[in-house]
Amino acid sequence: MTISIKPTASETTIQENGSDVFSIDSSGITMADGKTITGVSGYDTPTTSTGFFALPTGTTAQRPTSPANGYTRYNTDTGFIEAYNTIAGWTDTTSSGNIISVDYLIVAGGGGGGGAYYAGGGGAGGLIADSTSLTAGTTYTITVGAGGTGGTGLSVRGSNGQNSVFSSLTALGGGGGGSYNLSPTRIGLSGGSGGGSSGYEVTFKGGGTVGQGNAGGSGGTYGGGGGGGAGAAGSNGTSVNGGAGGVGLSSSITGSSVFYAGGGGGGGYDGTGGAGGNGGGGRGGESAIDSVAGTANLGGGGGASSGRSGSTVVASAGGSGVVILSILTANYSGITTGSPTVTTSGANTILQFTSSGSYTA
């Protein structure tokens, strides 16, 4: 069998063993028996086909390196058809899949406790929790704030914790606790939740941020105020005892109820140190007992030092924060950086970031 192609200026003829099989010209395809197939052009031509048109397919990483307006492809990472334009870049073209809902919990790093004698407890990291919408194919940056350092001397307050961020949402680091009785360092710092003030500071204390946390407690004569928590303000110190850290808030975003963002306890000079707030707050120091740091990845404030009868004058650090996302598993892309812990709860996939990273919707 011999197949030959005979092109002319107006048409191309396909022959088998010297006999015409069909010819192609501008009007369509003409078979040897005279039957014609018209409208072979793929442009401006409707179709009644119930089949398919195969698009180029690949991952996000396999997108063309130099795309032009109108490029269209199926993204296997996102599960949607996407198109390119120079203004918006690659965007999902499926309206029902373009917007994805996600629940979030963002907790910043807790503030460090104040140093030296009868100091104030560190404020908890700010806590925000709600839901928001993500755009499929878009990468969202996540930053997990570290806890603040504890005060190290007579006039050294604890430092504020660092902010935690998800996309454009920011939880503010907790305020550091006040130190000793020197002004102004005896006043706790403001933050997501405020730091407690040291003894003798009975009026001022670190302020909290509306929607994220509460103020710290003021000091008593020899008792430092507790740091504020996400659920309540820190308790005031008394004549000898440190104030308790404010309680945090409970969240079940992971599938289990957990308290986050408790305030650090104030230092007790002749009495007891304040208890840490439920949610990772560290206990304040007292005679011969050192303070306790805020719990990592709960955003608790650090316990204040006492400096009394053998306990150290160096306070404890605040706990680091956390960012947790809950996404309907059917919408989960699986594209992350930063090695979050991935679990499931019911119909949702849970991403728990204990260090910075990103998620691509």
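User: Which strand gives the largest share of the lining of the largest cavity?

Analyst: Strand S9, residues 89-92, with 3 residues. Strands here are DSSP runs (E, at least two residues) and helices are H or I runs of at least four, numbered from the N terminus. A cavity is a set of points on a 1 Å grid over the protein atoms alone where a 1.4 Å probe fits but cannot get out, and lining residues have an atom within 4 Å of a point. This is a predicted model, where local features need pLDDT of at least 70, side-chain atom pairs count only at pLDDT 80 or more, and totals for chains, interfaces and linings use all residues. Residues are numbered from 1 along each chain as its sequence is written, and side-chain values use heavy atoms, with hydrogens and water left out.

User: Which residues line the largest cavity?

Analyst: Arg 63, Thr 78, Glu 82, Trp 90, Thr 91, Asp 92, Ala 136 and Gly 137. By class, that lining has 2 nonpolar, 3 polar and 3 charged residues. For the classes, Ala, Val, Leu, Ile, Met, Phe, Trp, Tyr, Cys and Pro count as nonpolar, Asp, Glu, Lys and Arg as charged, and the others, Gly among them, as polar.

User: How much space lies in the largest cavity?

Analyst: About 40 Å³. The volume is the space filled by probe spheres set on the grid points, which are joined across faces, edges and corners. The count comes to 1 cavity of 30 Å³ or more.

User: Switching topic. Where does Ser 193 lie?

Analyst: In the loop between S14 and S15.

User: And is Ser 193 buried or exposed?

Analyst: Ser 193 counts as buried because its relative accessible area is 0%. The cut-offs are under 20% for buried and over 50% for exposed, with partly exposed in between (1.4 Å probe, protein chains only).

User: What does the side chain of Ser 193 reach?

Analyst: The backbone oxygen of Gly 229, at 3.2 Å. That's a polar contact, a pair of N or O atoms within 3.5 Å; within protein, one must be able to donate a hydrogen and the other to accept it, and residues adjacent in sequence count only if both atoms are side-chain atoms. Contact in general means heavy atoms within 4.5 Å. Leaving out residues up to four places away in sequence, Ser 193 touches several glycines, including Gly 123, Gly 126, Gly 174 and Gly 213, and also Asn 214.

User: What about Gln 212, where does that lie?

Analyst: Gln 212 is in the loop between strand S14 (169-171) and strand S15 (249-251). With 10% relative accessibility, Gln 212 is buried. A polar atom of its side chain lies 2.8 Å from the backbone nitrogen of Leu 172. Beyond four places in sequence, Gln 212 also touches Thr 170, Ala 171 and Gly 192, among others.

User: Last one: how many helices and strands in the protein?

Analyst: There's 1 helix and 21 strands. Buried residues make up 45% of the 361 residues.

Terms used:
On a 1 Å grid over the protein atoms alone, a cavity is a set of points where a 1.4 Å probe fits but cannot get out, and a pocket is an open set with protein on both sides within 12 Å along at least five of seven lines; lining residues have an atom within 4 Å of a point.
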